[in-house]
Amino acid sequence: MQFFFEVLIGGLLSGVMYSLVALGFVLIYKASGVFNFAQGSLVFFAALTFVGLMEHGLPFGLALLVTLLAMILLGLLIEKFVLRPLVNQPQISLFMATIGLSFLIEGLAQLLWGANVRGLDIGIQDEPLAWIADPTGINVSKFDLAAAGIAAVLVVMLALFFSRTRIGRALRAVADDHQAALAVGIPLQQIWAIVWAVAGFVALVAGLLWGARNGVQFALTFVALKALPVLILGGFDSVPGAIVGGLIIGSTEKLAEVYLGPYVGGGIEGWFPYVLALIFLLVRPEGLFGEKIIRRI
Amino acid sequence: MTAVRAIGDSVLRLDGVSLAFGGVKALNDISLDVREHEIRAIIGPNGAGKSSLLNVINGVYHPQQGTITFRGKPRHDMDTHETAALGIARTFQNIALFRGMSVLDNIMTGRNLKMKATVLEQAIWFGRARREELENRAKVEEVIDFLEIQHIRKTPVGRLPYGLQKRVELARALAAEPSLLLLDEPMAGMNVEEKQDMCRFVLDVNEQYGTTVVLIEHDMGVVMDISDRVVVLDYGRKIGDGTPDEVRNSKTVIDAYLGVPH
Amino acid sequence: MLYREAGQFKSTYAADSAILPIRQDRIGLALILIVAFVVVPLTASPYLFSALLIPCLILSLAALGLNLLTGYAGQLSLGTAAFMAVGAFMSYNFILRIPGIPLLLAFAGGGITAAAVGILFGLPSLRIRGFYLAVATLAAQFFILWCLTKVGWFTNYNPSGVITAQPMVILGYAFDTPQEKYLLVLLIVTVMALAAKNMVRGNIGRQWMAIRDMDVAAEVIGIRPMRAKLLAFAVSSFYCGVAGALFAYAYLGTVEPEAYNLDLSFRILFMIIIGGVGTVLGAFLGSAFIVVLPIALSVSVAFLNNSLHLNIPSSVGSNLELMVFGGLIIFFLIVEPHGLARIWQITKEKLRLWPFPY
């Protein structure tokens with residue numbers, strides 16, 4: 001029973017990590033209607049840049065700041081050179097452009113910093129918390145809990161930003177209809193620049209946490225692919241949905257691997273979230289929290 | 001206007017049809033009939049439920065209450081491709097052409113129910129698929145001649161002006177050789193000349209092929225001129241049903257929609 | 001001046017609906033076929049066959065399959081490589097377990113099994129569209145590959161997981177030199193490309209394009225979306241399955257799951273984007289581009305190393321490759337979303353007027 005809880009909690013917490021990546025997706029989708037396949041590579045780029053800077057001797061705080069600036073700059077460049085020329089193209093073209101973008105960013109990251117696996121230390125150790133472990137015997141990692149806390153803070157901030165601020169409303173308008181937003185005078189380019197910068201920041205947080213947990217390596221981009229089932233469950237345009245979806249995917253993935261895996265030779269983690277998402281889509285195409293799509297003819 | 005062909009018996013009947021979307025009642029207890037070979041107009045203010053009425057006849061929406069009978073057989077739960085197979089064709093208010101294809105290809109899709117060759121036969125091409133393709137091409141060319149769009153047959157439809165796109169959509173509907181043609185505002189956005197052309201086409205279709213026509217239209221001149229009978233809708237209810245003259249003089253209709261000349 | 005239609009009038013519908021209505025096009029194609037079937041086998045080096053021509057042709061076939069599904073029918077798929085893998089593994093098993101089965105029949109069997117799997121994973125497309133469907137096809141990609149790795153029957157319980165492909169033999173004649181493999185692949189690809197062209201200009205092609213452009217309207221004129229979509233998945237997967245079998249037998253020489261990973265799926269998607277979504281020609285142009293590009297890049301890096309006495313590591317080449325791929329995708333989507341095929345078409349239109357500017 002203890003073991004079950006350990007696996008469950010471990011899964012939930014790793015789900016939080018997925019949620020962080022998914023948050024970046026949701027941000028950009030909510031604000032520009034673009035499904036940013038390159039979010040994973042942004043996470044990778046952020047982590048790699050941070051580690052690379054540290055290796056070159058920069059102290060933690062400075063490396064963090066420079067990486068943040070780099071992410072913002074990257075976001076601005078993406079907005080100017082990729083999104084702006086593709087305004088009003090069908091969504092599928094934008095999606096494919098972000099696939100191309102992901103390859104571009106991955107290649108660039110590795111070109112700049114090399115492809116070796118590196119460890120990342122952000123000061124929080126991956127060891128069980130004594131005050132939980134001693135009475136119950138369940139090991140909950142300090143690190144995972146801290147990650148969950150950071151994610152929670154981010155989510156609350158973002159949710160408030162979208163629903164309460166004027167910029168948030170403008171972002172939602174842009175996501176609905178670019179042309180209409182332009183027509184009412186919303187400064188599209190500025191909005192997108194802001195959004196991509198924020199998404200870059202979220203990617204940085206996600207990159208640091210993931211990198212610290214698993215090491216900074218190319219496989220990080222595959223982890224980001226896992227964010228897709230999270231989005232399907234939670235809906236592409238819902239911030240709370242990204243969290244709930246992440247938790248569900250993280251926990252079911254681990255539980256399936258541990259309890260079902262031995263019967264079928266293991267390795268279920270690779271496809272289980274996708275198949276789960278697929279089954280879910282058949283029942284509820286717009287996700288748990290997403291908006292129902294209504295088409296008028 | 002008297003029809004050249006004698007108007008036959010009722011070919012389409014709606015009895016007590018009601019359609020609701022969530023809390024909004026689009027159609028409320030509609031009963032009407034359409035007779036063979038006639039031109040039936042549906043008029044009413046915006047939001048009255050005219051397009052919903054066509055959608056219900058067509059099978060796009062399924063009414064929660066009431067029955068629809070086509071040629072004596074009840075069919076209120078059919079899907080659109082089944083109604084198409086029964087001989088009901090339709091045009092849309094916002095043009096529903098396939099933008100990636102040329103005019104000719106768009107109209108050829110209208111013939112798809114007549115083309116029976118399997119995929120394998122089509123892959124081989126020579127034999128049944130080729131024969132069918134050429135036969136149907138000949139039929140489609142007849143429709144193209146009829147609607148006078150020969151000069152644009154290879155143009156991608158996205159490049160055509162609005163009026164011509166509407167004509168191509170009509171061609172696609174006609175290519176299916178329908179017995180019942182549903183037209184949703186076929187003359188919207190057209191100037192006087194284009195409207196006259198469209199009216200001529202609708203009348204020709206009715207006279208030459210005997211197609212029964214149900215059309216939604218806002219232009220009262222057109223409605224009064226070409227239709228045999230008129231249905232008036234308002235807020236999802238039927239408030240008038242009869243010949244153009246009867247409807248024009250009905251007080252309810254005048255209050256709700258037509259108004260009086262100042 | 002040279003490339004004109006003037007004077008070429010069509011007096012029958014049959015002539016008008018030919019694949020290549022313009023005489024100059026027909027001559028051009030005849031020349032290409034002569035070069036492909038006669039000149040190349042006599043003059044090309046084994047390296048050219050093995051490293052360039054054969055993979056280019058095989059991947060064109062897979063790209064053609066994907067183009068039918070994504071370009072014509074509008075169903076986005078990221079699982080192309082998985083369907084190729086099904087074709088490869090099932091062909092292997094057919095040849096292994098049915099002694100004496102003709103080679104082409106085994107390949108066709110692989111294709112048909114891939115088609116069946118394609119229909120299965122295509123069922124969600126009836127409810128899901130757009131990038132949701134893309135994620136569903138990712139499920140296919142990961143699950144199928146896992147299956148082929150874990151379930152021992154597919155690999156004949158081989159402990160290493162890497163199977164050597166059986167030699168290709170038709171009626172006692174073995175196709176083992178690069179030249180012979182090239183001719184066999186060329187023949188299969190040509191026939192299937194012709195079949196694809198016939199399909200897209202016929203009724204099913206129009207049905208697919210109708211579904212892609214506006215599936216509600218398509219249903220109103222009598223097209224059954226379910227049937228058309230599943231057919232698209234089936235035909236597309238058949239093409240990918242045959243391509244997968246050829247990939248194993250005529251190119252790699254081994255049948256292994258790792259060769260059909262997500263990276264290959266993306267590559268094939270890039271091929272159709274760059275080559276031209278929704279065209280038959282685009283599959284070939286895109287494939288040529290994507291196959292030649294890495295070789296061109298590594299040759300350039302080696303050249304720079306030699307001539308400028310630099311020491312650029314090869315990893316730079318592979319990272320540059322990623323960047324160039326990604327950058328080109330974005331470039332094409334911005335500048336010419338219809339890809340190289342459209343650029344070719346525009347070139348032809350300009351040729352029509354040459355030497356006049358307009």
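The model is predicted.

Chain B contains 10 helices and 10 strands. Its radius of gyration is 19 Å, close to the 18 Å that the globule rule gives for 262 residues, so chain B is as compact as a globular protein of that length. The C-alpha trace of chain B extends over about 65 × 40 × 40 Å along its principal axes. Of the 262 residues in this chain, 43% are buried. When contacts in chain B between residues at least 6 apart in sequence are considered, 67% of them link residues at least 24 apart.

Six strands of chain B form an open sheet with mixed pairing, in the order β6-β7-β8-β3-β9-β10. Strands β6 and β10 (237-242) of chain B are its edges, each pairing on one side only. On average, neighbouring strands in the sheet are turned by 15 degrees against each other, direction ignored. Strands of a sheet pair through backbone hydrogen bonds, either parallel or antiparallel.

In the strand order, β7(B) stands between β6 and β8. With β6(B), residues 88-90, strand β7(B) pairs in the parallel sense over 3 bridges. One residue pair here is B:R90 with its bridge partner B:L182 in β7(B). Towards β8(B), residues 212-216, there are 5 bridges, and these two strands also run parallel. Here B:L182 has B:V214 in β8(B) as its bridge partner. Between β7(B) and β8(B) the chain passes through helix α7(B), residues 192-209, in a right-handed β-α-β crossover.

Why is β7(B) described as largely enclosed by the rest of the structure? A residue counts as buried if 20 or more other C-beta atoms lie within 10 Å of its own. By this criterion 5 of the 5 residues of β7(B) are buried, so the strand is largely enclosed by the rest of the structure. In a regular strand the side chains alternate between the two faces of the sheet. In β7(B) both faces are covered: buried residues B:L180, B:L182 and B:D184 lie on one side, and buried residues B:L181 and B:L183 on the other.

Strand β3(B), residues 39-43, is joined to β9(B), residues 229-234, by 4 bridges, and the two run parallel. Within this pair B:I42 stands opposite B:V231 of β9(B).

Chain A is built from 13 helices and 0 strands. Buried residues account for 46% of the 297 residues in chain A. Among contacts in chain A with a separation of 6 or more, 75% are between residues 24 or more positions apart.

Chain A also touches chain C. Their contact takes 38 residues from chain A and 32 residues from chain C. On the side of chain C that touches chain A, the elements giving two or more residues are α6 (130-150), α10 (262-275) and α12 (314-335) of chain C. Helix α12(C) supplies the largest share of that side, 13 residues. By residue class, the side of chain C that touches chain A consists of 25 nonpolar, 5 polar and 2 charged residues.

Definitions and conventions: Residues numbered from 1 in each chain as written. Chains lettered and ligands numbered in written order. Predicted model: local features only at pLDDT ≥ 70, side-chain atom pairs only at ≥ 80, totals over all residues. Buried ≥ 20, exposed ≤ 12 C-beta atoms within 10 Å, placed from the backbone. Pairing = 2+ DSSP bridges. Right-handed = clockwise from strand over helix to strand, strands pointing away. Contact = placed C-beta atoms within 7 Å. Nonpolar A, V, L, I, M, F, W, Y, C, P; charged D, E, K, R; others polar. Rg over C-alpha atoms; globule rule 2.2 N^0.38 Å. Axes fitted to C-alpha atoms, helices over the stretch in contact; angles between N-to-C directions.
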